[in-house]
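Look through the model shown here. The notes after it go topic by topic.

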Amino acid sequence: GETAGSSEDPFNRLRDHGQSSVIPPQRMTVNYVYQIPFGKAGSMLSLPNQGAGKAINWVIQGWETSGTYNFQKGAPLTPSTTYRNANGQAIDAPNVNRTSGRPNCTGVSMTPTADQIAQGYVFNPLAFSSQLAPGTFGSCGKSILNFNPGSISQNQAIYRNFKLPFPKGADHRANLRLGAQVFNVLNRQNLPAPVVNMDSPFFGKRTNNVT
């Protein structure tokens with residue numbers, strides 16, 4: 001579904017077999033709401049409901065906390081390029097009115113060297129070539145780049161619920177809710193995926209540092 005109608009070789013659909021580049025291999029999402037059992041009769045930290053105890057119960061009761069947590073692994077990526085000849089000119093290499101697709105894999109390791117890492121590369125750009133012989137497709141497979149970082153999102157909230165004295169005589173009185181929300185509570189930096197199109201000057205790098 002992610003590349004509908006864009007099969008590189010309609011006579012060899014196995015070339016498009018591979019993991020999805022848009023669906024994380026693993027994902028865990030946790031959502032919860034918890035009413036803190038303080039202040040009410042029979043609950044934790046409940047004081048006699050008279051004098052100072054009554055005031056303390058009023059302060060500590062009615063609190064509620066909630067959170068949303070999302071953990072996911074990065075999906076594998078697929079390199080792409082415009083087909084070019086030895087002179088760097090764009091060509092229709094497979095002769096099927098298609099001038100772009102996956103590049104050739106040169107056989108060099110996709111893992112970046114120490115020098116490349118220092119230059120900001122996430123994977124080795126020299127592992128790929130956009131030069132294809134006429135009538136051929138790129139040799140690289142689909143979803144071969146496992147350099148997409150995962151992400152962690154942790155949001156937290158705390159609220160206090162107040163019972164209002166109206167509407168008078170109703171079975172259920174109105175509530176007033178006051179609270180605070182904190183997004184990315186651990187201040188975690190989620191890095192973007194690297195650029196996988198060889199036509200970009202940032203091929204093999206991240207275009208920015210944080211999403």
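In what sense do β7 and β8 pair, and over how many bridges? They pair in the antiparallel sense, over 8 bridges. The model is predicted: local features need pLDDT of at least 70, side-chain atom pairs count only at pLDDT 80 or more, and totals for chains, interfaces and linings use all residues. Residues are numbered from 1 along each chain as its sequence is written, and side-chain values use heavy atoms, with hydrogens and water left out.

**The sheet**

- Strands (E, at least two residues) are DSSP runs, as are helices (H or I, at least four), and both are numbered from the N terminus.
- Two strands pair if DSSP finds at least two bridges between them.
- An open sheet is formed by 4 strands in the order β1-β2-β7-β8, with antiparallel pairing.
- At its edges are β1 (27-35) and β8 (175-182), each of which pairs on one side only.
- On average, neighbouring strands of this sheet are turned by 15° against each other, direction ignored; the axes are lines fitted to C-alpha atoms, for helices over the stretch in contact, and angles run from 0 to 180 degrees between N-to-C directions.
- Strands of a sheet pair through backbone hydrogen bonds, either parallel or antiparallel.
- Towards β8, isoleucine 158 stands opposite alanine 180, and glutamine 156 stands opposite valine 182.

**The largest pocket**

- A pocket is found on a 1 Å grid over the protein atoms alone: it is an open set of points with protein on both sides within 12 Å along at least five of seven lines, whereas a cavity is a set of points where a 1.4 Å probe fits but cannot get out.
- The space in the largest pocket is about 320 Å³; a volume is the space filled by probe spheres set on the points, which are joined across faces, edges and corners.
- Its lining has 16 residues, and Lys40, Gln61, Gly62, Asn161 and Lys163 lie nearest the centre; lining residues have an atom within 4 Å of a point.
- β2 (63-72) and β7 (151-163) each supply at least two lining residues, and the largest share, 4 residues, comes from β7.
- By class, the lining has 6 nonpolar, 6 polar and 4 charged residues; Ala, Val, Leu, Ile, Met, Phe, Trp, Tyr, Cys and Pro count as nonpolar, Asp, Glu, Lys and Arg as charged, and the others, Gly among them, as polar.

**The disulfide**

- The count is 1 disulfide, meaning a pair of cysteine sulfur atoms within 2.5 Å.
- Cysteine 105 and cysteine 140 form the link, with their sulfur atoms 2.1 Å apart.
- The pair links distant parts of the chain, 35 residues apart: cysteine 105 is in strand β5 (residues 104-105), and cysteine 140 is in the loop between β6 (128-129) and β7.
- The link is right-handed, with 130° about the S-S bond.
- Cysteine 105 counts as partly exposed because its relative accessibility is 29%, while cysteine 140, at 1%, counts as buried; buried means under 20% relative accessible area, exposed over 50%, and partly exposed in between (1.4 Å probe, protein chains only).

**Positive phi values**

- Most residues other than glycine have a negative phi.
- Serine 143 is not a glycine, yet has a positive phi of about 55°.
- Serine 143 lies in the loop between β6 and β7 and, at 9% relative accessibility, counts as buried.
- Asparagine 184, in the segment after β8, has a positive phi near 50° and counts as partly exposed at 28% relative accessibility.
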